Amino acid sequence: MPTYALADCNNFYVSCERVFDPRLEGVPVVVLSNNDGCVVARSNEAKALGIAMGEPVFKIRQMIERERVRVLSSNYVLYGDMSNRVMSVLADAVPASEVYSIDECFLDLDNLAVPDLTEWLRVLRSRVRQWTGIPISIGVGPTKTLAKVANRLAKKSPRHRRRAWPVPATEPPAREATPPQRLPQQPYTPASRLENAKRHIWKTPWDWPD
Ligand SMILES: [Mg+2]
C-alpha cells in the first residue's frame with residue numbers, strides 16, 4: 001500500500017517572523033496581505049481571539065488595540081527563503097518529495113525502510129524545527145488526499161497530535177471491473193460540429209457570424 005505524508009508548516013508566515021523576532025512568541029500575531037488590507041496569517045493566539053483568515057484589518061482595529069495584537073506587513077522574500085530551507089530539509093530525508101505550496105510538501109514514504117514510522121516522523125519534525133526554526137505538522141495516509149486530511153486532524157486535535165496515523169488507512173474502494181461504456185458514435189463532420197457549437201454555446205443565433 002502506498003504511503004504518503006503531508007508536511008505542513010504551522011502558521012507559516014507568523015512562524016517565519018517569529019524566527020527573527022522571538023518577542024513575537026506566545027502573543028497574538030497577524031500578518032497582512034500585500035497592501036496591508038487583510039489578515040493572511042494568524043498565530044494560534046490570534047486564532048483564539050476569533051480573528052478570521054482574510055479579515056479586513058479595519059474591521060478589527062479595536063480588537064487589535066484591546067488585545068495588543070502584533071500586526072506585521074508581509075515579507076514574501078523572507079517567506080520564500082524560509083520555505084526553500086524547510087523543503088530542502090524534507091527533500092533530503094525521503095526518496096521522493098513534491099512541493100505542494102509555499103508551506104506544504106508531500107513526502108513519498110513508499111521506499112522508506114524504517115522500523116518505526118511514527119518515531120521517524122517525530123525526529124524529522126524536530127529536525128526541521130531545529131534546523132530552520134519552523135514548526136511543522138505531518139499527516140500520513142495511503143493517498144495524498146488522506147495525508148492532507150490527517151494533517152488537518154493533527155493540527156486541530158491534541159489527541160491526534162501524538163499519532164502518526166490519525167486517519168484509519170483503509171484501502172480505497174476497488175474500481176469496477178467492467179470497462180466504461182463508450183458514448184454512442186455520432187457521424188462527425190465539421191459542419192455537424194459547428195451546428196453543435198451553435199446550439200450549445202451561442203444561445204442567441206444572431207451572435208453567430210453566419
Ligand atoms: Mg500551513
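Visitor: How many disulfides does a search of the whole structure find?
Guide: The search finds 0 disulfides, a disulfide being a pair of cysteine sulfur atoms within 2.5 Å. Cys9 is in none, and its nearest cysteine sulfur, that of Cys16, is 7.3 Å away. This is a predicted model: local features need pLDDT of at least 70, side-chain atom pairs count only at pLDDT 80 or more, and totals for chains, interfaces and linings use all residues. Residues are numbered from 1 along each chain as its sequence is written, and side-chain values use heavy atoms, with hydrogens and water left out.

Visitor: Is Cys9 buried or exposed?
Guide: Cys9 counts as buried because its relative accessibility is 4%; buried means under 20% relative accessible area, exposed over 50%, and partly exposed in between (1.4 Å probe, protein chains only).

Visitor: Which residues are the protein donors of the magnesium ion?
Guide: They are Asp8 (OD), Cys9 (O) and Asp103 (OD), lying 2.1 to 2.4 Å from the ion. Donors are N, O and S atoms within 2.8 Å of the metal (3.2 Å for Na, K and Ca); water is not among the atoms, so sites may look incomplete.

Visitor: Where do Asp8 and Asp103 lie?
Guide: Asp8 lies in strand β1 (residues 4-9) and Asp103 in the loop between β5 (96-101) and β6 (104-108), so the pair ties together parts that are 95 residues apart in sequence. Strands (E, at least two residues) are DSSP runs, numbered from the N terminus.

Visitor: How many bridges pair β1 and β6?
Guide: The two strands pair in the antiparallel sense over 5 bridges; pairing requires that DSSP find at least two bridges between strands. Asp8 stands opposite Glu104 in β6.

Conventions:
Helix = DSSP H or I, 4+ residues; strand = E, 2+ residues; numbered from the N terminus.
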